[in-house]
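Hi everyone, thanks for making time. Let's look at the model together and walk through a few of its side-chain contacts.

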Amino acid sequence: TRYGYGQLADQGSGNSKAMGGVAYGLRDKYQVNFANPAAYTAVDSLTFIFDGGISMQNTNFSNGTLKQNAKNSSFDYITMQFRASRWAAVSIGMLPYANVGYNMSQSYVNSDNSAASYVTTYSGEGGLHQLYIGAGFKIFKNLSVGANISYLWGGITRTMEESFPASTSNYPFIIQSQVDIHSYKLDFGLQYTQPLGKKHSVTLGAVYSPGHNLKNTAYELRQNGNSGESGTTVTRTDIVADYGIPTTVGAGLAYVYDDRLTVGVDGMLQNWDKVVYEDEKAFCKRARIGVGAEYIPNPMGRSYLAYVKYRIGAYYSKPYYMIKGQRAADEYGITVGFGLPIPRTRSMVSISAQYVKTKGTAAAFLDENTLRLCIGITFNERWFFKRKVD
């Protein structure tokens with residue numbers, strides 16, 4: 001997360017995370033699919049869905065010589081969805097867009113002159129979030145379109161500090177940069193479903209999100225000396241610079257058999273190489289392809305295991321990080337998970353495990369191995385119906 005906006009968040013709910021990130025062609029009336037707003041029309045007229053998820057992960061970092069582990073957890077999403085009319089549905093939610101969190105240091109030791117020894121520490125924190133409202137519209141029986149409009153906001157702080165041994169008279173030196181974002185994001189989606197007989201159907205999905213520059217405020221602080229001590233100087237410089245997000249295009253295909261087996265494939269491309277960040281083009285194109293499947297042995301079975309949803313998937317991605325003009329890494333992931341129905345309700349707990357390997361493209365770049373556990377809870381309630389009394 002040292003570069004750009006940090007690590008970009010997966011735009012997928014509990015079932016998508018277990019299926020290799022596949023989402024563009026999925027139409028599930030029991031789960032919110034905010035990756036493609038055209039899928040909102042899959043919800044039935046009696047249903048109100050409330051969905052949320054979290055992740056916990058352990059990452060091993062290696063540069064070929066040193067290794068280090070890091071554990072953390074994160075909020076994934078919180079959404080709700082309901083039918084607005086026979087031909088329209090609405091969704092509201094909050095999602096992460098990107099996360100920054102790192103701390104690393106390097107020591108310089110001069111055995112002949114301790115005053116020339118120092119430690120440089122680099123740290124960063126923050127991220128971007130999006131609060132969206134979206135709607136899906138059924139144009140024809142098998143064709144739906146939709147759109148999300150999001151308020152995109154957040155802040156990223158990066159700090160570089162040089163500190164010296166206490167025995168010397170040298171003061172620490174700190175440079176801190178801060179950028180705050182307050183802008184918008186638009187997402188458009190389309191889905192077309194073609195039945196192939198009584199038990200077979202294929203859904204084609206497509207998404208588009210236009211790129212643009214973000215409204216921002218940025219500044220840099222330079223501090224020479226310890227905070228609160230006499231002689232310490234602090235200067236602030238406001239920065240006028242452009243920060244942007246990319247144009248995103250994606251397409252997916254999902255095949256469904258008898259409402260029991262779903263197989264999907266997705267592809268996505270983002271033109272980060274055209275995006276300006278701090279008035280510079282500092283990124284490379286981001287591409288991703290994923291495949292996934294979901295299987296229900298028998299939705300009407302008496303055994304609990306017969307109507308558990310079994311999910312599996314894999315993906316390959318080229319992240320947007322660039323170091324010294326070179327793509328920084330390639331990313332591979334495999335996923336597996338379950339959709340566990342809550343007895344005597346229409347609600348569900350989604351659990352998935354993801355193994356992600358981020359391989360540096362050069363020997364000096366970091367490699368990462370991440371094991372991530374994702375837990376999502378979907379409350380599916382029948383709200384919109386009239387009771388009759390005989």
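Let's begin with lysine 309, which makes a salt bridge with aspartate 28, their closest N and O atoms being 3.8 Å apart. By salt bridge I mean a side-chain nitrogen of Lys or Arg within 4 Å of a carboxyl oxygen of Asp or Glu. Lysine 309 sits in strand β16 (residues 309–318) and aspartate 28 in the loop between α1 (14–18) and β2 (47–62), so this pair ties together parts that are 281 residues apart in sequence. The helices (H or I, at least four residues) and strands (E, at least two) are DSSP runs, numbered from the N terminus.

Before going on, a word on the source: this is a predicted model, where local features need pLDDT of at least 70 and side-chain atom pairs count only at pLDDT 80 or more, while totals for chains, interfaces and linings use all residues. Residues are numbered from 1 along each chain as its sequence is written, and side-chain values use heavy atoms, with hydrogens and water left out.

Are the two partners buried or exposed? Lysine 309 is buried at 8% relative accessibility, and aspartate 28 is buried at 14%. Here buried means under 20% relative accessible area, exposed means over 50%, and partly exposed is in between (1.4 Å probe, protein chains only).

How many salt bridges does the structure hold? There are ten. Another one joins arginine 346 and aspartate 44, with the closest N and O atoms 3.7 Å apart. That pair links distant parts of the chain, 302 residues apart: arginine 346 is in the loop between β19 (329–341) and β20 (348–360), and aspartate 44 is in the loop between α1 and β2. Arginine 346 is partly exposed, at 25%.

Then we have arginine 311 with glutamate 294, where the closest N and O atoms are 2.7 Å apart. Arginine 311 lies in strand β16 and glutamate 294 in strand β15 (residues 286–295), so the pair ties together parts 17 residues apart in sequence. Arginine 311 is buried at 2%, and glutamate 294 is buried at 9%.

Now for the rings. A search of the whole structure finds 17 aromatic pairs. Rings of Phe, Tyr and Trp (its six-membered ring) pair if their centres lie within 6.5 Å; planes under 30 degrees apart are stacked, over 60 edge-to-face, and the rest tilted.

One of these pairs is tryptophan 272 with tyrosine 320, which is tilted, at 4.5 Å centre to centre and 40 degrees between the planes. Tryptophan 272 is in the loop between β14 (261–270) and β15, and tyrosine 320 in the loop between β16 and β17 (322–323), so the pair ties together parts 48 residues apart in sequence. Tryptophan 272 is buried at 0%, and tyrosine 320 is buried at 1%.

Compare that with tyrosine 310 and phenylalanine 338, an edge-to-face pair at 5.7 Å centre to centre and 80 degrees between the planes. Tyrosine 310 lies in strand β16 and phenylalanine 338 in strand β19, so this pair ties together parts 28 residues apart in sequence. Tyrosine 310 is partly exposed at 28%, and phenylalanine 338 is partly exposed at 38%.
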